[in-house]
Amino acid sequence: MKKIWSILMVLMLMISISSLAFADESEENNDEEINEETEKEIEIMNNSLGAEIRLLQLEKSITKNLLKGNMIVDVLEGLGYNTTNLIAILAEMGYILEEVQTADPEANDSVEVFIDLKTDARNLTTQFRITLKDLLSDVKYKEVKEQIRENLSDELQNYSKQIRNRIKQFNRNQIYRLYGIVGEGNNSLVNKYMNGSSTMAQVKLQINKMVNNKTREKKMKIFSELKKEKIQNKFHASTEAENAVKNFTQRETERLQKRLEQAQNSGNEKLIEQIQNRIQNIQDENGNSGSGNGNSGSGNGKGKGK
Amino acid sequence: MDKKIITIFFLLIIVLSIAITFTTIKQSSTQDDIEDYGSGEEITDEDLYDELNDLFLSEDDEVEIGDMI
């Protein structure tokens, strides 16, 4: 009998250990999935041009959502709905836009700032969508969605132009770096790309042809150099992402405190209430978990999106 | 009594096998993700072109924060 009991104990122990391993694995997979998009984006932020591109892209996305949000509020007000909560969310999104606009792409913490503000913008976008769904019936929600078309305002077009310009500069730098690795170059190709007479697809085709003419050894060397650079960028992005996760909750509370002051100055009661609730939630969560570290990253849309 | 012990042993072996298989599959898939070309593995032109294409950003590239509706 004793033997049976000891074997049973061993069996139970094994099951507990294996279930722990399974739980751990699934948690790890989730983290990987969550951070993939943001990590990919910050790979180019190891220089100020790359950081400028990402911050400009974030600025454009927030502006686009703000314009759309205001259009939705206008439509709902015309239908007689109470839009106080939605207006408060848009007001905070406006603060985030200002923070992105004042962010310095050359600062050491530009990656951290990008991750923080992107997370905030994503979470507010989700909050807006959820609030809207709570406010409207499914049929009405679809009706309003059909009324809101993609906005092609001058402001957004101006952003697109600026971003395209910076990306062209980034790609030009990449072409020159590649020329350095290959050991030869074609300036007229770069000029054509910069003045718009050649597309990126044509440039890629020309580069592929140029590399294709090289010997097998040379191709191997080019491949190794490119791979090395890519791994370095990935490693850098991964380290930056890891660092950004540290003290995320503390930074989030500081950002919310700053926005709370702005809301108090503007006298927006609903926004004051919303921000105070969020600060309280963070404090409660910290009290419960006893951990100061929060989540950051690409945002899953609920709470602190990782 | 002996039958019980044998059944429990079999169960133990099954659980252990599942745990080991899972760990092995997980490890091998992780290793597949790490591209190691240092061991003389053949690099195709396609691999090289993929690396070349990855150097550049699409001019329509965007940072996604989700839709408002």
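Trainee: What is the average pLDDT of chain A?
Mentor: This is a predicted model: local features need pLDDT of at least 70, side-chain atom pairs count only at pLDDT 80 or more, and totals for chains, interfaces and linings use all residues. Residues are numbered from 1 along each chain as its sequence is written, while chains are lettered from A and ligands numbered from 1 in the order in which they are written. pLDDT is the predictor's confidence in each residue, from 0 to 100. In chain A, 82% of the residues score at least 70, and the average is 86.

Trainee: Which helix of chain A has the lowest confidence?
Mentor: Helices are DSSP runs of H or I, at least four residues, numbered from the N terminus. Confidence is highest in H3(A), at 97. The lowest mean, 60, belongs to helix H1 (residues 2–42) of chain A.

Trainee: How many contacts beyond four places in sequence does the model have for residues 23–34 of chain A?
Mentor: Two residues are in contact if their C-beta atoms, placed from the backbone, lie within 7 Å. pLDDT stays under 50 over this stretch. Where pLDDT is low, the predicted coordinates should not be read in detail. For residues 23–34 of chain A, the count is five.

Trainee: How far apart are the centres of the two domains of chain A?
Mentor: Domain bounds come from an automatic or database domain assignment. Domain 1 covers 48–151 + 249–289, and domain 2 covers 167–245. Taken over C-alpha atoms, the separation of their centres is 37 Å.

Trainee: Which helices each supply at least two residues of the side of domain 1 of chain A that touches domain 2 of chain A?
Mentor: The contact takes six residues from domain 1 of chain A and six residues from domain 2 of chain A. On the domain 1 side, the helices are H2 (48–78) and H4 (110–135) of chain A.
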